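Here are some notes to read beside the model. Please keep the sequence and the structure open while going through the points.

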Amino acid sequence: VLSQEQMERMRRLGVLAVLQPNFVYALGEHMRAVLDEDQLAHLIPFRGLLEAGVPVALSADGHPQEPLYGIYAAVARKTSTGHLLGASEAVSVMEAIRAYTRTSAYALFEEDRRGSIEPGKMADLIVLDRNILEAPVGEIKDSRVVLTVKDGKIVFNLLK
């Protein structure tokens, strides 16, 4: 939970935020029990940071760790039981994908090698069983990886 002043200071100092939106989904009910309404309204302030001009990368170190849960939580802002937490902090699916890819590569000082699909960059990518840019938001977390390419080689393939 950050104040507007803290987010503006982060921008001025050139800080990059690394958020874990999957916590909205996985730990949201616990957070509802210990935080007040104002804190919950700005919990994991993805939209607020972007609007303040702070780059945001996404990661996960707790369950569920799958980025699809993080994308879902960043967009839907719902707990595992369906309670809405901080709707004003929601972002688009594309903003969440960029935070997991381009901005995370930038956070690693590897934006010249990874983070987007371009000539000369590492060919690490996944193919999902649905287009999460067009699917109903509730389906994002239920999407499945059907193909994984690492260093330009197929390492997982359900499309055979």
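1. Helices here are DSSP runs of H or I with at least four residues, numbered from the N terminus. The model is a predicted one.

2. Two residues deserve a check of their backbone angles. Most residues other than glycine have a negative phi. Ile44 has a phi near 50°, a positive value, and is not a glycine. Arg77, also not a glycine, has a positive phi of about 60°. Arg77 sits in the loop between helix H5 (67-76) and helix H6 (93-100).

3. Ile44 has 14%, so it counts as buried. Arg77 has a relative accessibility of 1%, so it is buried as well.

4. Turn next to the core. The largest nonpolar core holds 34 residues, and those with the most contacts inside it are Leu19, Phe46, Leu49, Leu58 and Ile71. At least two residues of this core come from each of helix H1 (4-13), strand S1 (17-19), helix H2 (22-34), H4, strand S2 (56-58), H5 and H6. H5 gives the largest share, 8 residues.

5. What does Phe46 touch, leaving aside its neighbours within four places in sequence? Its contacts are Leu19, Val56, Leu58, Ala74, Glu89, Val91, Glu95, Ala96 and Ala99. Leu19 and Leu58 are, like Phe46, among the residues with the most contacts inside the core.

6. Which residues of H6 are buried? They are Val93, Ala96, Ala99 and Tyr100. These residues lie on the same side of H6, because they cover an arc of only 125° around the axis. The cover over the buried residues of H6 includes H4, S2, H5 and helix H7 (102-107).

7. The last point is a sheet. It is an open sheet of 3 strands in the order S3-S4-S5, and the pairing is antiparallel. Strand S3 (125-128) and strand S5 (153-157) are the edge strands, each pairing on one side only. On average, neighbouring strands of this sheet are turned by 20° against each other, direction ignored. Between S3 and strand S4 (residues 145-150) there are 4 bridges in the antiparallel sense. Ile126 has Thr148 in S4 as its bridge partner.

How values were computed: Residues are numbered from 1 along each chain as its sequence is written. This is a predicted model: local features need pLDDT of at least 70, side-chain atom pairs count only at pLDDT 80 or more; totals for chains, interfaces and linings use all residues. Side-chain values use heavy atoms; hydrogens and water are left out. Buried means under 20% relative accessible area, exposed over 50%, partly exposed in between (1.4 Å probe, protein chains only). Two strands pair if DSSP finds at least two bridges between them. Axes are lines fitted to C-alpha atoms, for helices over the stretch in contact, and angles run from 0 to 180 degrees between N-to-C directions. A nonpolar core is a set of buried Ala, Val, Leu, Ile, Met, Phe, Trp, Tyr and Cys residues joined through side-chain atoms within 4.5 Å. Contact means heavy atoms within 4.5 Å. The arc is that of the directions from the helix axis to the C-beta atoms.
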